[in-house]
Amino acid sequence: MLTVVALIFIVALLSPWIYKLFKEKSGWVLALLPFGSFLYLASWLPHIAAGNVVQQSTTWVSMALFEVNLAFYLDGLSLMFGMIITGIGTFIVLYGSGYLAGDAYLPRFYCAILLFMGSMLGVVLADNLISIFVFWELTSFTSFILIGFTHEQENSRKAALQALLVTGIGGLALVAGLVLMGFASGHWEVSALLNEGDIVRNHPYYLAILILVLAGAFTKSAQFPFSFWLPGAMAAPTPVSAYLHSATMVKAGVYLLARLNPVLGSTEIWLILVGGFGLLTLLVSAWLSLSFTDMKQILAYSTVMALGTMIMLIGLGTEMAMKALAVYILSHAMYKGALFMVAGAVDHEAGTRDVLKLGGLRTLMPISFAAAALAAISMAGIPPLYGFIAKELVYEAALEAPLWPVLVITLAVIANIAIVAASAIVVIRPFLGAKVETPKKAHEAPLSMWIGPLSLAVLSVLFGVLPFLIDTSLMVPVASSVYGVPMDFYLSLWHGINLPLILSLVTLAGGILVYRIWDGLRESAPMKVYQTGFAMGPIRGYNGLVNGLLGLAGWQTRTIQNGLMSNYLVTILITLLVAVGYTFLTRSGIVWNPGFENMLIQEWALSIAIITALGIMLAFGHSRLTMVIGAGVVGFALALIYLMHGAADLAMTQVLVETLTVILVVLVLIHVPKLKELRSTTSKIRDGVIAVAAGALMTLLILAVTAAPFDAFISEFYAEASYPLAHGRNIVNVILVDFRALDTMGEVVVVAIAGLAVYALIKMKRFGSPPDTNTGGRTSSGAASKQGGS
Amino acid sequence: MDTILPIIAGAIFATGIYLLLRRSLILTIIGIILISNSVNLALFSLGRISTENPPLIKAGSLEPLAPFANPLPQALILTAIVIGFGLLAFALALAYRSYRELGTVDQDELLEDAEDTSAAIVPRNDFKNGGGA
Amino acid sequence: MMKSLILHTATRLMIGVLVLFSLFLFFRGHDEPGGGFIGGLVGAGAFTLYAIAFGTEATRKVLRIHPITLISVGLLSLVVSGLIPMFVAEPFLTGKWLFIEWGAIDTKLSTPLLFDIGVYLCVVGFIVTVIFSLEEEG
């Protein structure tokens, strides 16, 4: 499995060259990759159906606290998700090659979509909590690139940012939750956690873990009130929205909760939070879908509704709910993928996705029509399609809800009525009725664009009519792994006349009725208020939050970063003095045992020279030459001190550097005019106090440290090893080039970078600012204006 | 010499800090030179000062003849001196460049000039009204 | 560039001596005071002196190599000296030695020597870059 995921990433990175090699055929070539992965995963079907799981592991990061393994875990749930990701992914790559044909960024699309596919596959196959999170973040990141694909448009950029921020913040919560869970249970592998649910559920961190994980899952899976990013992300090109929203990105949250259900689920708080949010989301978004006329927006909200349904089913946690979940996820991925791709094809061929501006496309685009019709029938839950079985199971699960079953089933029916109407809208309006003049002359989409939707629609029929094809082989393992206990069931279209069937008929009738009054309903005042409140409200809240944060950041930056260097310096220095001084005084205390008696005459002379030089520098601060000479005197005096205490190398280096320093400073001084010190006496006193305090602290620190006993272990090791091990008799040099060569290397690199930086600073052309505005007046020399044009 | 070196290091440090806080960037840079020197001297003292014999091994023997000066701080300081020089060169070039761009080497005036040209912090358009369907 | 006869004459005489001296300091560095840093500083000092006396144009001609190339070659030597031991499965920057006996004088070639060459070149390149940049502004 590692090979598959790694291969997808590698091919993704190579895709620009593959594109160069195969040009417009590259879509078909690249589609082989997800198709091959699909076949690989499918080959495990018999193994998984027999009730086995597959585990593969490679150690990635090993730390004292925990290990991060690139471990993969394949059971029913991850297998189904993996097959959806790669199966629909195959169609999406093909579809993208047609939809974006001629687009200059097509290679970028291939690269990003494959990266995304690899990340998504990683999420569902990974076994380790940390690697799940890493892949999870990769999906956020790659979906940012995909949603913002048409980055020239501000709208796309905003939508991409919105999705990134919402899912990114959720991701932060998720990682906290996962880490807490790992520490609480002591297990970092999901496969191990699955058997340790009791430990996690009874742990004092349980509530925190639950809320953090839910925050991650709800933001990713667009649960109300975080649902707004998903319809916003429709700004992406259709192949992207079709993939992200039918099969992958938004299902990541569903997957995670389904995966963790045996660990975190079946508690009361789980039922209330997960079930409650799911129910709220499905109800709110189902009706929101009716307030739009853009096919993609309608589908987007119906997707949110579907996600709500899945989350609700996970929340319910009963055996029936798990059965329903398994079937619903698959049926939704098939019909929603098909519908999104058809919507994009309509947009591509007719020039608009607004259902009010479309009509009668059935003769012009017959294949797309067939695919859309079948998919929409499945979405509406009409037999004999797979969607019907899914909806029947959802109703049965709702009727068996452990809490308030009547409320749950009522809300579910009300929501599904809206979805029936939405299904009707997206297929009847564009394809049936009288022909409408469209912005582009419509004709059937190319093969690459209809093969996907048609295949998915046909599969919906096939699985609906012959559900036994996949029930024991896939649905049973899926439901079992979510439920945590093996189960056994068979699916069929006909259950006899029972309550769910009657409810289905009610739903259908209600849906048809709503469809008939849709035009009026859409324009009605309550619908407008509803749309404003539930669709725009969260967006406004989000905007307020983001703008508020930016305002706060701006205010804080203006306050702290006021741009006056002396303020920064004073702040830093005072912080340093207080922090070091406090620690020093409390931990060590002042040590003062002066010992001047052994000093030689030349030492006295040097000390006096240094102090005198410093005094002259302070007294004649206005003369820059004095400064340079003063600094030079100090430097050379230090060289002599080094020499007197057995540091010949140091002394030589110091002398040479001091010489070069003087040359450099003088070279710059030639160009730069003199500046009078203009600071007020108050600030001079302030600076003086800081300086004296800093100097005193320095002295006291050294005295205190040198009074402590000295451990010469390392130095002695170097001295003893220098010749026998490193064949050098100058220990200092041996340390530099052998024992501590890595440090030296870092230091030399710094010096090299400094050299390049100086070169760039001096040789670089002027910045954009106008050349002559700043050079007049206050400068005495003409140097600045002379340099102006360089 | 045990006591005088810490005092000298402190004195150089204090002078350096005082110069660092002057308005002229040139004085600031000279302050930086003094601070580096002072810290090097401090490091030297912390390695203990005992003898004038450098840490060299005489030809024919395997180990240096005790007593010898501590080689470790010497190695540290040697690179520190060179790096300090690199920093100095960079700071000088920066001061020179900012003078050429802004016509001043006055710390306080840099602020005004920077505000004139570009440094104002404005949020990018994309982040304002962080998105919208 | 300074127009002083004494400086010009002295520099012409000195440059060769200084460069030789810097190489001398460099090569004895492993056993006596000296080494890449010190040798490099002396070498850079030689070219700085030349640049002050005759200007950067003339110095570039004497140096022949662009100072940034010196930095690059220096960094390359550092990395190569680190990579060599990895070919014999030892950690990065492990010192490897090769003793060649010529009879009278023995030569020792080693990765620390290559490393020190890198230090030398970087130091020379760095200082000459800085000096040239600033000088050419005059």
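A salt bridge is a side-chain nitrogen of Lys or Arg within 4 Å of a carboxyl oxygen of Asp or Glu. A:Asp687 and B:Arg22 form such a pair, with their closest N and O atoms 2.2 Å apart. The model examined here is predicted.

**Interface of chain B and chain A**

- Chain B contributes 103 residues to the contact, and chain A contributes 122 residues.
- About 10,300 Å² is buried between chain B and chain A, and carbon and sulfur atoms give 72% of that area.
- One salt bridge is counted between chain B and chain A, namely the pair of A:Asp687 and B:Arg22.
- Polar contacts between chain B and chain A number 12 residue pairs, counted where both residues have pLDDT 80 or more.
- On the side of chain B that touches chain A, the elements giving two or more residues are α1 (4-20), α2 (25-46), α3 (71-102) and α4 (107-117) of chain B.
- Of that side, α3(B) supplies the largest share, with 24 residues.
- By class, the residues of chain B that touch chain A comprise 61 nonpolar, 26 polar and 16 charged.

**Interface of chain C and chain B**

- Here the contact draws eight residues from chain C and nine residues from chain B.
- The buried area between chain C and chain B is about 810 Å², with 84% given by carbon and sulfur atoms.
- C:Phe37, C:Phe126 and C:Glu137 are the residues of chain C that lose the most area to chain B, and together they make up 51% of what that side buries.
- Between chain C and chain B there are zero salt bridges, and there are zero residue pairs in polar contact where both residues have pLDDT 80 or more.
- Helix α5 (residues 111-137) of chain C gives four residues, the largest share of the side of chain C that touches chain B.
- That side of chain C holds five nonpolar residues, no polar residues and three charged residues.

**Salt bridges**

- Over all chains, the whole structure contains 17 salt bridges.
- A:Asp687 also forms a salt bridge with A:Arg686, where the closest N and O atoms are 3.1 Å apart.
- A:Asp687 has a relative accessible area of 0% and is therefore buried, whereas A:Arg686, at 34%, is partly exposed.
- The pair that crosses between chains runs from A:Asp687 in helix α29 (residues 681-707) of chain A to B:Arg22 in the loop between α1 and α2 of chain B.
- A:Asp687 and B:Arg22 are both buried.
- A network of salt bridges with shared partners joins A:Arg429, A:Asp519, A:Arg522, A:Glu523 and A:Lys528.
- A:Glu154 and A:Lys158 form a salt bridge whose closest N and O atoms are 3.9 Å apart.
- A:Glu154 and A:Lys158 are separated by about one helical turn, because they stand four residues apart in helix α7 (residues 154-185) of chain A.
- Within this pair, A:Glu154 is partly exposed, with a relative accessible area of 33%, and A:Lys158 is buried, with 17%.

**Aromatic pairs**

- A total of 25 aromatic pairs is found over all chains.
- A:Phe109 and A:Tyr110 form a tilted pair, 5.9 Å from centre to centre with 55° between the planes.
- A:Phe109 and A:Tyr110 are both buried.
- The pair of A:Phe717 and A:Tyr718 is also tilted, because the planes stand at 55°, with the ring centres 5.7 Å apart.
- A:Phe717 is partly exposed at 40% relative accessibility, while A:Tyr718 is buried at 8%.
- A cluster linked by ring pairs takes in A:Tyr19, A:Tyr105, A:Phe109, A:Tyr110 and A:Phe149.

- A:Ala375 lies in helix α17 (residues 366-380) of chain A.
- With 0% relative accessibility, A:Ala375 is classed as buried.
- Leaving aside residues up to four places away in sequence, A:Ala375 touches A:Tyr335, A:Ala338, A:Leu339 and A:Ala457.
- A:Ala375 and A:Val458 are 83 residues apart in sequence, and their C-alpha atoms are 8.5 Å apart in space.

Key. Residues are numbered from 1 along each chain as its sequence is written. Chains are lettered from A and ligands numbered from 1 in the order in which they are written. This is a predicted model: local features need pLDDT of at least 70, side-chain atom pairs count only at pLDDT 80 or more; totals for chains, interfaces and linings use all residues. Side-chain values use heavy atoms; hydrogens and water are left out. Contact means heavy atoms within 4.5 Å. Buried area is the accessible area (1.4 Å probe) that two parts lose on being put together, summed over both. A polar contact is a pair of N or O atoms within 3.5 Å; within protein, one must be able to donate a hydrogen and the other to accept it, and residues adjacent in sequence count only if both atoms are side-chain atoms. Ala, Val, Leu, Ile, Met, Phe, Trp, Tyr, Cys and Pro count as nonpolar, Asp, Glu, Lys and Arg as charged, and the others, Gly among them, as polar. Rings of Phe, Tyr and Trp (its six-membered ring) pair if their centres lie within 6.5 Å; planes under 30 degrees apart count as stacked, over 60 as edge-to-face and the rest as tilted. Buried means under 20% relative accessible area, exposed over 50%, partly exposed in between (1.4 Å probe, protein chains only).
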